[in-house]
Amino acid sequence: TEGGSVQTDTQFVDILPFNVAFWRGATESFAYPLRTTIVPGGPPTYEELHAIAMAHGQSGVAVGGKGVILEYDGDAWEKVASPTQRTLRDVALSPRNDLACAVGDGGTLLLRRDGVWREVPLAAREDLLACAAGADGLLLAGGRGGGLWRSEDGGTSWTKLAAGLPVPS
């Protein structure tokens with residue numbers, strides 16, 4: 001268990017199979033198959049998750065409360081180191097999965113390059129709620145107050161877009 005949390009599963013169990021087994025001679029023991037929602041070893045996190053992005057069904061990223069970041073390698077989800085404790089609201093992967101961005105509360109902007117997540121300073125004071133990652137290093141981030149930021153160099157530099165400017169597809 002993580003943080004002292006315990007997994008529980010409550011179900012209705014019909015007693016009839018137990019009675020039938022007893023009548024057939026299973027007076028000492030009886031195996032009853034029971035499906036449960038309990039995950040062996042526990043889930044990868046107990047934090048709430050807000051967004052998931054997948055790349056070709058073989059890899060993925062999920063983000064959520066307290067800066068939690070989970071990565072999927074095609075077999076399992078694993079919690080990875082996060083540079084923030086702020087709630088993350090959205091995540092996006094580039095088409096080649098060589099770049100990922102995540103955004104969250106208080107103007108938090110994270111980028112993943114070479115497998116490492118780093119926080120990037122952005123002059124956003126509002127909560128960031130959405131992000132997108134395109135080809136050739138194009139990144140977009142959008143905020144609660146309508147702010148929209150754009151990077152064309154994989155997140156090295158950012159420009160706040162003014163109202164009325166077209167956003168390329």
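In this predicted model, Leu122 touches Leu109, Leu128, Trp149 and Trp158 once its neighbours within four places in sequence are set aside. Leu122 also turns up, along with Leu109, Leu128, Leu139 and Trp158, among the residues with the most contacts inside the largest nonpolar core, a set of 16 residues. As a rule, nonpolar side chains in soluble globular proteins tend to be buried together.

Now for S6 itself. Five of its five residues are buried, so the strand is largely enclosed by the rest of the structure. Ala100, Ala102 and Gly104 point one way, while Cys101 and Val103 point the other. S6 pairs in the antiparallel sense with S5 (residues 88–93) over five bridges, and Ala102 is the bridge partner of Val91. Six residues sit between the two strands of that hairpin, and Asn97 in the turn has a positive phi of about 60°. S6 also pairs with S7, again antiparallel and over five bridges, with Val103 bridged to Leu109. This hairpin has three residues between its strands, and Gly106 in the turn shows a positive phi of about 65°.

Over in S10 sits Gly143, which is buried at 17% relative accessible area, because the cut-off for buried is under 20%. Its C-alpha atom is separated by 5.3 Å from that of Leu129, 14 residues apart along the chain. Beyond its neighbours within four places in sequence, Gly143 is in contact with Glu126, Asp127, Leu128, Leu129 and Trp149.

Terms used: Residues numbered from 1 in each chain as written. Predicted model: local features only at pLDDT ≥ 70, side-chain atom pairs only at ≥ 80, totals over all residues. Heavy atoms only, no water. Core = buried A, V, L, I, M, F, W, Y, C linked by side-chain atoms within 4.5 Å. Buried < 20%, exposed > 50% of the residue type's maximum accessible area, 1.4 Å probe, protein only. Contact = heavy atoms within 4.5 Å. Helix = DSSP H or I, 4+ residues; strand = E, 2+ residues; numbered from the N terminus. Pairing = 2+ DSSP bridges.
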